[in-house]
Amino acid sequence: MGNIALDRTINLKAAVKKRRRKLNSEPVGYALILPFYLFLAVFVLFPIAYNLYLSFTNYNLSAIEWVGWSNYAALLHDQFFFISMKNTLVYTAVTLTLTVALGLIFAVLLNYRLYGTKWIRLSFFSPHVTSMVAVSMIWMWIYEPSHGIANSLLEALGIAGKQWLYDAKWALSAVIFTSVWKSLGYNIVIYVAGLQSIPRHLYEAAAVDGAGGLRQFFHITIPQIKPITFFLIVTGLIHNFNVFEQIMIMTDGGPLNSTTTLVHQIYIRAFQQFQIGYAASLSMVMLLAIGLVTAANFRFGGRGSTNA
């Protein structure tokens, strides 16, 4: 066993040296990838590092004062931080679950080559490419209490209308529904592409063995599209955690802070109250939260592997 381990170590070192010699002999490759790493350093790594520095300061656009961990300590006593964190987690969990689950269901239905399915796919995808500002304005009109379509439909069914964006019990749900409506089409298109890449012989073999449509869905479809589901969960998690436009336009965090989110609080602290250092600490907490949840997805989600 010792000789085998020694041989593996020697082979590994030889492979590493060979790889380094190959890279050193191809300077053109470094030149080709240099723009990407420059972009990464200037527009991603440096802003993160500078934001981390600001989070330990009291910066109000006129002077920078080093305050150490004071901003992070203040977070523990900030009720708006905990409210915004709770709203962000609820929004992310519900929106992500609905967009992934409904995206898969609609994708399975639209995967059949029936007349008009291409136009239906287009109708689902159109909201995704529409500006969030435009979508928010449209849904504000739909949610309008007096003459909005939502309440008109409810009243036609004999149900009392709601103060959708003006009631703390319904505001966040209304924003979530708007976000799901806008994002659903993207998941559907990605899932349809994944479903069409599944080999047909798997379903044919399952049908021969007597497996029905439901068993085929759970034992063939879901495992085969696991990498796509993993991709949509990770990207959707990051996207939903950064929710801001619809909150700012539709509710501005209200009523009674029932829809305020982390990014909304960062905006208020940085650009309305000019507490740049405190806003930087909020953004670092959000970055840490996204990183931890994403790492957990990679750890327990098997990196999307169909073998996991």
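The legends below describe close-up views of a predicted model.

View 1. Phe39, Val42, Phe43, Val44, Leu45, Ile48 and Leu287 together make a nonpolar surface patch of about 640 Å². The greatest contribution comes from helix H2 (residues 27-54), which gives 6 residues to the patch. Phe43 lies in helix H2. Because its relative accessibility is 56%, and exposed means over 50%, Phe43 counts as exposed.

**View 2. The largest nonpolar core.** This core has 43 residues, and the members that touch the most others are Leu75, Phe81, Tyr191, Phe241 and Met286. At least two residues of the core come from each of several helices, including H3 (70-75), H4 (79-110), H8 (171-196) and H11 (226-241). Helix H14 gives the most to this core, with 10 residues. In general, nonpolar side chains tend to be buried together in soluble globular proteins.

View 3. Beyond the residues up to four places away in sequence, Phe241 touches Thr88, Leu89, Thr92, Leu262, Val263, Met286, Ala289 and Ile290. A separate, second core of 11 residues has among its members Ala150, Trp164, Leu165 and Met250.

**View 4. Ser55 in a loop.** Ser55 is placed in the loop between H2 and strand E1 (57-59). With 0% relative accessibility, Ser55 counts as buried, because buried means under 20%. Leaving aside residues up to four places away in sequence, the contacts of Ser55 are Gly68, Asn71, Tyr72, Gly277, Ala280, Ser281 and Met284.

**View 5. Aromatic rings around Phe56 and Trp69.** The structure holds 19 aromatic pairs. In one of these, the ring centres of Phe56 and Trp69 are 5.0 Å apart and the planes stand at 90 degrees, so the pair is edge-to-face. Phe56 belongs to the loop between H2 and E1, whereas Trp69 belongs to the loop between strand E2 (64-66) and H3; the two are 13 residues apart, and the pair links distant parts of the chain. Phe56 is buried, at 14% relative accessible area, but Trp69 is exposed, at 61%. Both rings are part of one aromatic cluster, formed by Phe46, Tyr50, Tyr53, Phe56, Trp66, Trp69 and Tyr72.

Conventions
Residues are numbered from 1 along each chain as its sequence is written. This is a predicted model: local features need pLDDT of at least 70, side-chain atom pairs count only at pLDDT 80 or more; totals for chains, interfaces and linings use all residues. Side-chain values use heavy atoms; hydrogens and water are left out. Patches are made of residues with over 30% relative accessible area and no salt bridge: like charges are joined within 9 Å, nonpolar side chains (Val, Leu, Ile, Met, Phe, Trp, Tyr) within 5 Å. Accessible areas come from the Shrake-Rupley method with a 1.4 Å probe; for residues, only the protein chains shown count as cover. A salt bridge is a side-chain nitrogen of Lys or Arg within 4 Å of a carboxyl oxygen of Asp or Glu. Helices (H or I, at least four residues) and strands (E, at least two) are DSSP runs, numbered from the N terminus. Buried means under 20% relative accessible area, exposed over 50%, partly exposed in between (1.4 Å probe, protein chains only). A nonpolar core is a set of buried Ala, Val, Leu, Ile, Met, Phe, Trp, Tyr and Cys residues joined through side-chain atoms within 4.5 Å. Contact means heavy atoms within 4.5 Å. Rings of Phe, Tyr and Trp (its six-membered ring) pair if their centres lie within 6.5 Å; planes under 30 degrees apart count as stacked, over 60 as edge-to-face and the rest as tilted.
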